[in-house]
Amino acid sequence: MSAKKSKHMEAGRIERKLAPPKAEITTWAKAGASPKPVASKRVVVAADGAASPDRKAPARGPAGGSRTVTAPAPAARKASREMDGAPNFERLSYNLARLVEQGGRTLAAYFKPSESTETKSNMSNGVADALRSIGRVTEHWLSDPARTLEAQSSLTVKLLGLWVHSLRRMSGESEDPLVPYDPSDKRFAAPEWRELPFFDFLRQAHSIVSHWAEDLVVRSNDVDPHVRDKAKFYLRQISSALSPSNFLATNPELLKETWASSGDNLARGAALLAQDMEAGKGTLKISQCDSSKFELGVNIATTPGKVIFRNDLMELIQYAPSTDTVFKRPLLIVPPWINKFYILDLNPEKSFVRFALSHGLTVFMISWVNPDTRHRDKGFEAYMREGIFAALDAIESATGESKVTAIGYCIGGTLLAMTLAYMAETGDGRIASASFFSTQTDFSEAGDLKIFVDGESLRALKKKMAVTGYLDASVMASAFNMLRPEDLIWSFVVNNYMKGKPPLAFDLLAWNSDSTRMTAANHLEYLRRCYLENRLSKRKAKFGGKTLDLSKVTLPAYHLATREDHIAPAKSVFIGAKFLGGKVRYVLAGSGHVAGVINPAGKPKYQYWRGKAPAGEFEDWFAAATKHKGSWWVDWIKWIKRQSHKQVPARLPGDGDLPPICDAPGEYVRVRY
């Protein structure tokens, strides 16, 4: 055999060996990335990351859309990679080239003219506020040499102890960590964070520095409490952002993934980052889930019903009964307008609406409009009159019933409490009992959201909303995400952009991303009268010239709080519940503001606590409360049934004086911005 022929045969064997399997190309396609080139030696890499064979394509810069680069050889077989323990470096080089290209897309989206100027300005204002707040705390500790020495030594001693501990571990000794591993912290779940001394050192050092900084803030007694709270909040954002789990070089999971995939994860992640930056029109809009898998009325918000009333501010849905007879007294649900109502009707298994229907209740739901400039002057009183009062009139027309039981969720519950206080002043008894889900009526212990509220921030917010007449949906969404940065920001940054994994389809997160605007009048009134001035619990709030006094609300009330709530903290809900003048059942559910409420009776994930009527201190109440397994829904339906024993034949939507307008979930809920 000639040497030339032998050389050609050997080249063929190498080419067959390096050819990537078909499944590998398919995986890349599903992830939104480009398939790896197989046969061509040169490819054109377009600005969107797509690659196509072109041996003579002209070179252009990233802004021009494409350029010619040398393609790597196809990936070697998995067995071959495992044998030498190294990535395919040619493929790694190709992925780095794709990383650069996608970086160009991201920068181009970021610098796109003017569309995101306002958001970037808000971000700059937030940075300035953070620097001022943290600067005040720093000034407190640096203004006194003794305090400065105390602060320095408290950190130095702990870090030196950690250094000695790590040196011993590196020398082969086994020691318990100075900072114990927390199984609930998902950032450090990989065993390498504990088993490898270097990464264990990073984990503990981050924890030590974070707790040291937070302790300095807490002990800054000379600093204004509001400034101290803001400094603590902003330090948490910094601490979360600087976690070693967020960086490729200091995260063992990311290093292992990058090594094993020859950088495929980074290339995919860069493409996802560019997509999210483009979707946010120059501001990073982190994708938390694949919302394309959900459609209202098809696989989310599917409980049958009809819209029977509509005005400028809301639609009223009457749901179809699921029992032959129903309780005489209808149920009206007042959801928050910060989010859309279908959190209470996510799917058949998680639907609170279906649960209520299955127990013989006639359920009516308010679906608030997603406001625009036309609604700029709609404040709390307008939401009472055109929302709750209009719904009560419509229910009487539809069923003939003049009395209802009502539920208010979150800010919808705050509105309901204010409405009940007004009705008490005017002698209006159409609401016979009320339930409040994660509702604050006293804001003295309102949690981290208070840091966004002071005179200066309200003046800036008023000026900003004067242009449009509403608060953009993204602003409140960002604020809520910042309350839980590890779970709602950085976990997605790592998963999406570093592991290169597209977000999954999850109904709860799909609802969370379907956020709403808020009218300027309503939002300013809420922040000023509730958060800043706490007027309701001080008997200073007014509707229609009437002073609102919660102690005059004497009807039976069910007050639900959730133990891990960052929006309506359990203690804050407890304090507010004590202002009501009637018999109150206070119940504490497990989990947080949403998951604690949506805890279906059929598949409960959390527990709940019941005790005496709210009095004294929250901590004492909790210590004496009884823990119950399962969902609080069961406890609530028993309480509801005791309010109204009489039953009547089931009512169908449209049977009354109000003909159906359209099918549930209606039209207002479909408006997205």
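The legends below describe close-up views of a predicted model. Local features need pLDDT of at least 70 and side-chain atom pairs count only at pLDDT 80 or more, whereas totals for chains, interfaces and linings use all residues. Residues are numbered from 1 along each chain as its sequence is written, and side-chain values use heavy atoms, with hydrogens and water left out.

View 1. Helix α14 covers residues 411-426; helices (H or I, at least four residues) and strands (E, at least two) are DSSP runs, numbered from the N terminus. At 1.5 Å a residue, its 16 residues should span 22 Å, and the end C-alpha atoms are 23 Å apart, which agrees. The expected span is 1.5 Å times one less than the number of residues. Of the 16 residues, 13 are buried, where buried means under 20% relative accessible area, exposed over 50%, and partly exposed in between (1.4 Å probe, protein chains only). G427 follows α14 and has a positive phi, near 75°.

**View 2. Salt bridge between E425 and K552.** The two side chains meet at 3.0 Å, N to O; a salt bridge is a side-chain nitrogen of Lys or Arg within 4 Å of a carboxyl oxygen of Asp or Glu. E425 lies in helix α14 and K552 in the loop between β14 (546-547) and β15 (557-562), so the pair ties together parts that are 127 residues apart in sequence. E425 is partly exposed at 27% relative accessibility, and K552 is also partly exposed, at 43%.

**View 3. Salt bridge between R651 and E401.** The closest N and O atoms of R651 and E401 are 3.7 Å apart. This pair links distant parts of the chain, 250 residues apart: R651 is in the loop between β19 (647-649) and β20 (662-663), and E401 is in the loop between α13 (380-399) and β9 (404-409). Both R651 and E401 are buried.

**View 4. D129 and R132 within helix α5.** The side chains of D129 and R132 form a salt bridge of 3.5 Å, N to O. Both residues lie in helix α5 (residues 117-142), three residues apart, about one turn of the helix. D129 is buried, with a relative accessible area of 14%, while R132 is partly exposed at 44%. A network of salt bridges links D129, R132, K230, D454 and E456. The structure holds 39 salt bridges.

**View 5. Surroundings of N311.** N311 sits in the loop between β4 (305-310) and β5 (314-319) and is buried, with a relative accessible area of 18%. A polar atom of the N311 side chain lies 2.8 Å from the backbone oxygen of E386. Leaving aside residues up to four places away in sequence, N311 touches E386, A390 and Y668; contact means heavy atoms within 4.5 Å.

**View 6. Helix α22 and its N-terminal cap.** Seven of the ten residues of helix α22 (residues 632-641) are buried, so the helix is largely enclosed by the rest of the structure. The buried residues are W632, W633, D635, W636, I637, W639 and I640. S631 caps the N-terminal end of α22, with a side-chain oxygen 3.0 Å from the backbone nitrogen of W633.

Methods. A polar contact is a pair of N or O atoms within 3.5 Å; within protein, one must be able to donate a hydrogen and the other to accept it, and residues adjacent in sequence count only if both atoms are side-chain atoms.
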